[in-house]
Amino acid sequence: MSGIFSTNNQDSALFIGGSRVSGQEVRAQNVMAALSIANVIKTSLGPVGLDKMLVDDVGDVTISNDGATILQLLEVEHPAGKILVKLAQQQDTEVGDGTTSVVIIAAELLRRANELVKNHIHPATVITGYRLACKEACKFIADQMALKVDKLGRDPLVSVAMTTISSKILGTYGTFFADMAVDSLSAVKTTDFRGKARYPVNAVNILKAKGASARESSYFTGYALYRPFTSPAMKRALKNPKILVIDFDITKTRMKMGVNIVIDNPDELEAIRKREMDISSERARMILDAGVTAVFSTRGIDDVYVKMFAEAGAITVTRVPKEDARRIAKGTGASLITTLANLDGDESIDVSSIGSAELVEQVRLSDDDIVVIRGAKEQRASTVILRGANDYMLDEMERSFHDSLCAVKRVLESGAVVPGGGSVETALDVYLESFATTLGSREQLAIVEFANALLAIPKQLSVNAAKDSIELIAKLRAYHSAAQKATANSSHSALKNYGLDLYEGKLRDNVKAGVLEPAMSKIKMLKSATEAAINILRIDDMIKLLPEKQEEDPHAHM
């Protein structure tokens, strides 16, 4: 029986046709895969991080320093590596920022856990210690580090947006884009059924237009889409429009496939053709009689019917992307209609499916015409128009701006911020090392390693800024140690807000400097990184099955 599995040889064949890797060997492989991925993106961390250029198999170029974007474009084959890629995507979806940090911390936790296992500490002990450390760390952030922003003034929001985009392409433009992010998100405030304020990032529409400089980017209240009115004979602006959003075309009706009509008289053929025209004319007339003055269609509308709408003073927009159509329907209180048929088999328009707004107009943007819907009935929307030199720059600007919107949203909804610049990680390191000494079990070792792993963030920030990381981190740890030992009224208690100033290569109070991050971002980052590290650490056996051999086709040579 012992001969069935051979663990000494990585390529050993199983009786089921595959290979098996066990114990320390598979753990070392997983840690190596995680560190390899972290090494790819760690130089892009921080306000002076560097960009990556990624070229895919068809030659498309992407230039970015966003961790989730970089990892998404990498073709990672190792199973443990894929877990970190999913981790970055999850952080991007839930928080919007901190994608690079979460991967670096997860890889560092794995590396240190692997060293503990090599020193004969059981993985179950390490996992228990990591979970306890993560729980204590999240509690410490919420109780000691988080600053409540009760009357959410504008300044902390702009500071959070600035901190997020400082490491990206928009960071060189000062508070220009930070102000724009705060304004555009504040304009789409809604209230849920519990009475809590919500700020949907999807309600902020981002359009990209080549040409002009980034400082000529603009923002306005309203929803815009890159489609013109169907006919130049239509009005350029329409006040208080009644909006219908349809997911079918208004074209000459044709017989379905497979339908045959046998006629004896050529005049009957002409009558059939006329009736085909009249069916769509009746639909267009029905839409107009229902009071609709603006039609947005995901498909086409024939010129004959466009003329009918134009003569009636209505406007039409065709080939609207499905996603835009859904947003327009949701914002204006309309419904996305796929057919005019009702339950009785007749065709009619339900008045409740018609939306409204204050204004629909066509505006010139660069070389294109765009349609803008202002004052939507149900949900306010805002549109940001980004200007840039080329597509690569515009794509990276969009990613950066979206990250800042997500960060501002988290602060507005949670109402808590923490100082940035490695401040939280260093404070946690000092606190957890002190906490570990209160335990009399083996988990103490895992908690100390967890604490030291968090220092990977301030160390990498210093290295990327070409500063002396050893001296800076030592001084920063001394500051936070003094702050945690100080009494509430002591002057040393203010040292807990100190973090790195990467431009000057010194320490500063990052709350006063305006370097703030959402508290939720840090808590989610720690929880996600810990869970990912634990999931990979639990693996002690990898069995890889070989693909089945396809039988050769005897006729393949013919």
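This is a predicted model: local features need pLDDT of at least 70, side-chain atom pairs count only at pLDDT 80 or more; totals for chains, interfaces and linings use all residues.
Residues are numbered from 1 along each chain as its sequence is written, and side-chain values use heavy atoms, with hydrogens and water left out.

**Overview. The whole chain.** The chain holds 16 helices and 23 strands, taken as DSSP runs (H or I, at least four residues, for helices; E, at least two, for strands) and numbered from the N terminus. Its C-alpha trace spans about 95 × 75 × 45 Å along the principal axes. Of the 558 residues, 49% are buried; that means under 20% relative accessible area, with exposed over 50% and partly exposed in between (1.4 Å probe, protein chains only).

Close-up A. Six aromatic pairs turn up in the whole structure; Phe, Tyr and Trp rings (for Trp, the six-membered one) pair if their centres lie within 6.5 Å, and planes under 30 degrees apart count as stacked, over 60 as edge-to-face and the rest as tilted. Tyr130 and Phe450 make an edge-to-face pair, 5.6 Å centre to centre with 65° between the planes. Tyr130 sits in helix H5 (residues 123–145) and Phe450 in helix H13 (residues 443–454), so the pair ties together parts 320 residues apart in sequence. Tyr130 is buried at 1% relative accessibility, and Phe450 is buried at 0%.

Close-up B. Arg111 and Glu108 form a salt bridge, their closest N and O atoms 2.7 Å apart; the rule asks for a side-chain nitrogen of Lys or Arg within 4 Å of a carboxyl oxygen of Asp or Glu. Both residues lie in helix H4 (residues 99–118), three residues apart, or about one turn. Arg111 is partly exposed at 31% relative accessibility, whereas Glu108 is buried at 14%. Arg112 and Glu449 join these two in a network of salt bridges.

**Close-up C. A salt bridge across the chain.** Lys522 pairs with Glu425 in a salt bridge, the closest N and O atoms being 2.7 Å apart. Lys522 is in helix H16 (residues 519–537) and Glu425 in helix H12 (residues 423–436), so this pair links distant parts of the chain, 97 residues apart. Both Lys522 and Glu425 are buried.

**Close-up D. Glu413 and Lys409 in helix H11.** Here a salt bridge joins Glu413 to Lys409, with closest N and O atoms 3.0 Å apart. The two are four residues apart in helix H11 (residues 391–414), about one helical turn.
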